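Student: I am new to this structure and would like to learn how to read it with care. Could we begin with confidence and then turn to the charged side chains?

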Amino acid sequence: MKDIYVIGGELRRSTFRKLEEWQSSQKAVIVRLDPQDKTSKLCVEYVSPVEVCAAGLPAILFKSASLVGDKLYACTSTEVLIYQLPDFRLLQYISLPCFNDLHHVCPTQERTLLVAVTGLDMVVELSAEGRMIREWSVIGEDPWQRFSREVDYRTVATTKPHRSHPNHIFQLEGETWVTRFEQRDAISLSRPGRRIDIAIQRPHDGCLFGDSIYFTTVDGHVVLANRKNLQVEAVYDLTKMHGSQQQVLGWCRGILPVDERLVWVGFTRVHSSKFRENLAWIKKSASNGQVDRPTHLGLYDLERSACLDEIELEAHGIGIVFSLFEASK
């Protein structure tokens with residue numbers, strides 16, 4: 001197995017108060033993990049400057065990233081950072097007033113940047129220098145119908161509840177697609193009306209590999225859709241591969257296909273919060289006495305329906321995991 005870049009954040013611990021989701025992480029972290037001997041090397045530790053954060057205890061972590069060639073495109077809740085690999089030299093930094101709860105950034109073939117501005121239910125396209133080119137509402141309304149261009153949303157702790165909560169962007173045959181958490185689907189922003197139904201649960205990742213698009217759902221499913229006809233062709237329940245459908249493996253997010261049979265999948269420990277209390281799949285498992293699992297990676301054989309390996313991440317400084325990539329040599 002090759003080394004893995006694990007991208008996420010270090011948990012913030014609080015003895016005296018209950019932390020909300022948007023307060024949960026104190027530092028953005030990238031580690032290089034050796035899955036053979038379970039060792040890691042710290043690649044990046046990052047803390048956002050106060051002027052681009054909400055007051056109090058803002059969550060500082062890397063959300064979903066993109067690795068293209070020797071460049072890693074990463075984002076915090078309010079910033080886009082582009083790193084040169086393998087030494088993780090910072091090449092570019094972008095932070096705009098509309099950035100709130102960013103969840104993903106990826107480059108296009110035209111060398112622009114696509115950013116999921118989850119807090120505003122938008123996807124935006126930026127020039128390589130960070131100039132705004134285009135804005136899409138992911139629910140088909142005027143992008144600024146519910147929000148104001150005059151507000152610096154980087155300093156707003158949360159805009160929840162979100163109507164859609166766009167998570168992950170991918171490009172397919174020149175079209176820009178995005179997963180939508182609340183609608184349980186992926187939609188084309190380039191050709192409105194084209195949609196992939198991921199009805200089983202709320203999705204996160206949309207990862208192109210081979211002839212398929214690999215989606216994760218928060219409750220621990222991997223969903224494969226055909227990238228040609230956009231139809232779901234396979235659904236894998238990862239909890240069943242552990243012998244019990246009732247246990248909470250964690251918040252499922254982050255996927256790295258090794259080949260058409262093997263995939264690494266990330267799971268973040270589920271903490272008590274108002275957000276958790278509204279998720280039926282967690283409530284059902286909790287009522288059956290299942291214990292929350294620590295943040296970890298699992299290696300799954302989809303053909304054999306088996307979990308082959310697990311690696312706990314909290315000891316490596318990752319308490320929240322968002323993205324997984326094969327590490328450069």
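Tutor: Let us begin with confidence: pLDDT is the predictor's confidence in each residue, from 0 to 100. This is a predicted model, and the mean pLDDT of the chain is 91, with 89% of its residues at 70 or more.

Student: Over which residues does pLDDT stay under 50?

Tutor: That happens over residues 274–278, for which the model has 14 contacts beyond four places in sequence. Where pLDDT is low, the predicted coordinates should not be read in detail.

Student: How many salt bridges are there?

Tutor: A salt bridge pairs a side-chain nitrogen of Lys or Arg with a carboxyl oxygen of Asp or Glu within 4 Å, and by this rule the count comes to 21. In one of them, E326 and K2 bring their closest N and O atoms to 3.4 Å. This pair links distant parts of the chain, 324 residues apart, since E326 belongs to strand 24 (residues 320–326) while K2 sits in the segment before strand 1 (4–11).

Student: Is K2 buried or exposed?

Tutor: K2 counts as exposed because its relative accessibility is 54%, whereas E326, at 43%, is partly exposed. By contrast, R180 and D185 are both buried, and their salt bridge has its closest N and O atoms 2.6 Å apart.

Student: Where do E310 and R293 lie?

Tutor: Their side chains meet in a salt bridge of 2.7 Å, N to O. E310 lies in strand 23 (residues 306–312) and R293 in the loop between helix 2 (280–287) and strand 22 (296–301), so the pair ties together parts 17 residues apart in sequence.

Student: Which residues are linked in a network of salt bridges?

Tutor: D121, E141, R146 and R163 are linked in this way.

Definitions and conventions. Residues numbered from 1 in each chain as written. Predicted model: local features only at pLDDT ≥ 70, side-chain atom pairs only at ≥ 80, totals over all residues. Heavy atoms only, no water. Contact = heavy atoms within 4.5 Å. Helix = DSSP H or I, 4+ residues; strand = E, 2+ residues; numbered from the N terminus. Buried < 20%, exposed > 50% of the residue type's maximum accessible area, 1.4 Å probe, protein only.
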